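Work through the exercises below with the model open beside you. Try each task before reading its solution.

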Amino acid sequence: MIDKTLLKNDFEDALRGQERVGENYTPIQLHNALGNAIMRQAVPMMNYSRPSGRSASYLSAEFLVGRAVYNNILCLGLTDFANDILAEAGANMSDFEEIEDAALGNGGLGRLAACFLDSAATQKLPLTGYGIRYKYGLFRQTIENGFQKEYADDWTRYGDPWSRRVSNDTVVVHFSTGDVKAVPYDMPI
């Protein structure tokens, strides 16, 4: 169970160290402060033990989960509470529309994989999704002087409060051309 008093204190503490732009915090500052405050309590509640009964794994090259902030706030029953503490900071949840999605998919298959995880979580089914955490996900497109331009999408450049790096589970994957360190990240759904 999320302790709302602790959540509010953690959120306010995270903002206290931030420099405002004018009189306001940026959407990224608010997003990261709220995400980190929620995850501080949510991570210890996550069940990392292997289920004693049956469980399933879902392997996909992509998971298009969308904006984790909305889904996590809704599923934890914190929508009204989040609106209240954001209002006290001079903001609201619609400010998070500027935050980029995790760029881990490009449409149908990625969205299907994410919906499968969400459905399993809703039904409390033991399921783990395995995928690739791309540093540069989908590319961004613009039209400049009548031509399409593509840019790398560094979706984690401002941080990602909804994932936790699990360095102690790092493994080395051997390829014929060399070795790669595979560092897992947990992203609760």
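The exercises go from the overall fold to a helix contact, then to aromatic rings.

This is a predicted model, in which local features need pLDDT of at least 70, side-chain atom pairs count only at pLDDT 80 or more, and totals for chains, interfaces and linings use all residues. Residues are numbered from 1 along each chain as its sequence is written, and side-chain values use heavy atoms, with hydrogens and water left out.

**Exercise 1. Describe the overall fold.**

Step 1. Take the secondary structure: the protein has five helices and eight strands. These elements are DSSP runs, numbered from the N terminus (helices: H or I, at least four residues; strands: E, at least two).

Step 2. Read them in order. The pattern is α-α-β-α-α-α-β-β-β-β-β-β-β.

Step 3. Along the principal axes, the C-alpha atoms fill a box of roughly 55 × 55 × 30 Å.

Step 4. Check burial. Of the 189 residues, 30% count as buried (under 20% relative accessible area; exposed is over 50%, partly exposed in between; 1.4 Å probe, protein chains only).

**Exercise 2. Characterise the packing of helix H1 against helix H4.**

Step 1. Two packed helices are described by the angle between their axes and the distance between the axes.

Step 2. Apply this to H1 (residues 4-16) and H4 (residues 79-88): their axes come within 11 Å and cross at roughly 35°. Axes are lines fitted to C-alpha atoms, for helices over the stretch in contact, with angles from 0 to 180 degrees between N-to-C directions.

Step 3. List the contact residues (heavy atoms within 4.5 Å). H1 gives Lys 4, Leu 7, Lys 8, Phe 11 and Glu 12; H4 gives Phe 81, Ile 85, Leu 86 and Glu 88.

Step 4. Sort them. Five are nonpolar, none polar and four charged (nonpolar: Ala, Val, Leu, Ile, Met, Phe, Trp, Tyr, Cys and Pro; charged: Asp, Glu, Lys and Arg; polar: the others, Gly among them).

**Exercise 3. Classify the ring pair of Tyr 58 and Phe 116.**

Step 1. The structure holds two aromatic pairs. Rings of Phe, Tyr and Trp (its six-membered ring) pair if their centres lie within 6.5 Å; planes under 30 degrees apart count as stacked, over 60 as edge-to-face and the rest as tilted.

Step 2. The centres of Tyr 58 and Phe 116 are 4.8 Å apart and the planes lie at 40°, so this pair is tilted.

Step 3. Tyr 58 is in strand S1 (residues 56-59) and Phe 116 in helix H5 (residues 108-122), 58 residues apart.

Step 4. Ring pairs join Tyr 58, Phe 63 and Phe 116 into a cluster. Phe 116 is partly exposed, at 42% relative accessible area.
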